[in-house]
Amino acid sequence: MTTAERAQRKQAAAASAKRMNESREAARYAVARNKCPQCGAPLRRNLALSGWWQCSQYGAEGFRADSSKPACSWQGFTE
């Protein structure tokens, strides 16, 4: 691996880490407000993984908080 390739990989890793931190910060903000950033519904924690949050309208009919309202696909990680 050349020096240029190493530098490129390091830069890509730094950009990825920055995007992940921004994503986590946005999820933390949504959780603090308990409001989905896409539809405004309350959030619920998914206990399958630590720090995983989902919109209460996420999922198939019967699993959503209110099946009469449209589904929402927002989910995020805070950790």
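**View 1. Lys 35 is partly exposed, with a relative accessible area of 38%.** Buried means under 20% relative accessible area, exposed over 50%, and partly exposed in between (1.4 Å probe, protein chains only). This is a predicted model, in which local features need pLDDT of at least 70, side-chain atom pairs count only at pLDDT 80 or more, and totals for chains, interfaces and linings use all residues. Residues are numbered from 1 along each chain as its sequence is written, and side-chain values use heavy atoms, leaving out hydrogens and water.

**View 2. Lys 35 sits in the loop between helix 1 and strand 1.** Helices (H or I, at least four residues) and strands (E, at least two) are DSSP runs, numbered from the N terminus. Leaving aside residues up to four places away in sequence, Lys 35 touches Ala 30, Gly 40, Ala 41 and Leu 43. Contact means heavy atoms within 4.5 Å. Asn 34 follows helix 1 and has a positive phi, near 50°.

**View 3. Helix 1 has 31 residues.** At 1.5 Å a residue, helix 1 should span 45 Å, and its end C-alpha atoms are 45 Å apart, which agrees. The expected span is 1.5 Å times one less than the number of residues.

**View 4. Three strands form an open sheet in the order 1-2-3, with antiparallel pairing.** Strand 1 (43-46) and strand 3 (75-77) stand at the edges, each with a single partner strand, so one side of each has no neighbour in the sheet. Two strands pair if DSSP finds at least two bridges between them. Four bridges join strand 1 to strand 2 (residues 52-55). Trp 52 in strand 2 is the bridge partner of Asn 46.
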